[in-house]
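Reader: I've got a model open and I'd like to learn how to read its strands and helices. Can you walk me through it?

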Amino acid sequence: MSSESNRQRHCRPAAESEMALAAKSHHSNGEVTHDDENNDNEEELDDNVIFADGFDDQNMERPSFTQPSQHPTIPMVLSEPGVKPVIQIPATINRYLRDYQRDGVHFLYQHFSKNTGAILGDDMGLGKTVQVIAFIAAVLGKTGTKADVFYQFMDGKTGGKQKDSISKISDTVLIVSPGSVMYNWKEELETWGHFKMGLFHGNTKEDTLQRTLRGRLDVALTTYETMRNHLDDVNKVQWLAVIMDEVHRLKDPKSQITVAAKALRAKRRYGLTGTPLQNKLEEFWCVLDWANPGSLGKSKTFTREFDKPIREGQTYDATKRELALSRKKSKNLQDMIRKFFLRRTKDLIANQLPHKDELVVFCPLTSFQEDVYQTLLQNPDVELITKKNFPCDCGSGVDRGKCCYKVNTIECAQYTVTC
Ligand SMILES: [Zn+2]
């Protein structure tokens, strides 16, 4: 079967049901409400009216990778059964996710639905960006199809998204990242969906701010420095959520960037980091306190209750009592943070990662490398190793290494020459 017919077979029904859901969840700020009315809105959506001539939903799907996905093209529902609007990862994205990434999106959404923050601390290379984009697509009611483009067009005509009348929260997600990766975020968002984006940076700051205030943007992108220097403008918006990439930058409670980040107008704060933070508990406290203010208590209390006893138990001269207390506190802390700190290492989910192919290539040394190698072989210490199995020159018949030329294996271990 060709991949094209395969796509049609899987994709069309799923895309249609998503459009219907998007119609219901659009204009929502993602707050979960129990709304039993208008359950039959699907009927009002007429495919032929929305998708009049000129659009081909196949080529407007995002992402549109040439590589076929391993999974069927179905969305993944994140919201609880019976809760409206239904919040789901669009099928277009979901088909490319691995199971641990779906778990990650679910983790973020659970916090979003409770108006709480969280930290995603997966190892580098496990796809934190795509998990976040899937999460944003879900809470904004995206479908990854031409339906998104259609609604963006409608917004332009009708003067912006409808605001939530109770919470006054905007429908825009703010992504703060180091300047070096801001454009990567833009590219990734363009690859994985149809998002209306603006850069709050350089000479587009005012334009982005105005479009956000008018409800025209899905995502605004900025850098740590711009956020800090223009905090008053940034705080004209009550953000739907803030994503802080490389959130370990907020480890110093006194730095201006940390102070600015803690003053952001957003309850839903999600930090990303691939750097293990738990080694320095004070820094760890600061990052988690940004995501969920007060969740680990005040800084001084935290130091007294956790940081100090845990560190005391880790010193070489710790008493048994200190060691026991340290372990107990460490376990208590793990239990406390598990709810809002998700960290997966590559080892932990190795079974879900693609098989690594190893290709061994033999190539000759360059003349310079050969000179270095020969010099190393002539080093007396290395000679002890390379000749240790030769018969000893004293005539005993025993190997050199066991006779007159004993090798100190610890000192010589730094040389790993094999002959
Ligand atoms: Zn000897």
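Reader: Let's start with strand 6. How many of its five residues are buried?

Author: First, the general idea: a residue is buried if 20 or more other C-beta atoms lie within 10 Å of its own, exposed if 12 or fewer, and partly exposed in between, with C-beta atoms placed from the backbone. Helices (H or I, at least four residues) and strands (E, at least two) are DSSP runs, numbered from the N terminus. Here, five of the five residues of strand 6 (residues 219–223) are buried, so the strand is largely enclosed by the rest of the structure. Val-219, Leu-221 and Thr-223 sit on one side, Ala-220 and Thr-222 on the other, and both faces are covered.

Reader: Before we go on, what sort of model is this?

Author: It's a predicted model: local features need pLDDT of at least 70, side-chain atom pairs count only at pLDDT 80 or more, and totals for chains, interfaces and linings use all residues. Residues are numbered from 1 along each chain as its sequence is written.

Reader: Which strands pair with strand 6?

Author: Two strands pair if DSSP finds at least two bridges between them. Strand 4 (residues 173–177) pairs with strand 6 in the parallel sense over five bridges. There, Ile-175 stands opposite Leu-221, and Val-176 has Thr-222 as its bridge partner. Strand 5 (residues 197–199) also runs parallel to strand 6, joined by three bridges; Leu-199 partners Leu-221.

Reader: And is strand 4 mostly covered or mostly open?

Author: Mostly covered, with five of its five residues buried. Val-173, Ile-175 and Ser-177 point one way, Leu-174 and Val-176 the other. Strand 4 is also joined by four bridges to strand 7 (residues 241–245), running parallel, and Val-173 has Ala-241 as its partner there.

Reader: Now a helix. Why is helix 12 called largely enclosed?

Author: Because eight of the 11 residues of helix 12 (residues 281–291) are buried. Among them are Phe-284, Trp-285 and Trp-290.

Reader: How do helix 12 and helix 13 cross?

Author: Axes are lines fitted to C-alpha atoms, for helices over the stretch in contact, and angles run from 0 to 180 degrees between N-to-C directions. The axes of helix 12 and helix 13 come within 10 Å and cross at roughly 140°. That makes helix 12 oblique to helix 13 (under 35 degrees counts as roughly parallel, over 145 as roughly antiparallel, 65 to 115 as roughly perpendicular and the rest as oblique).
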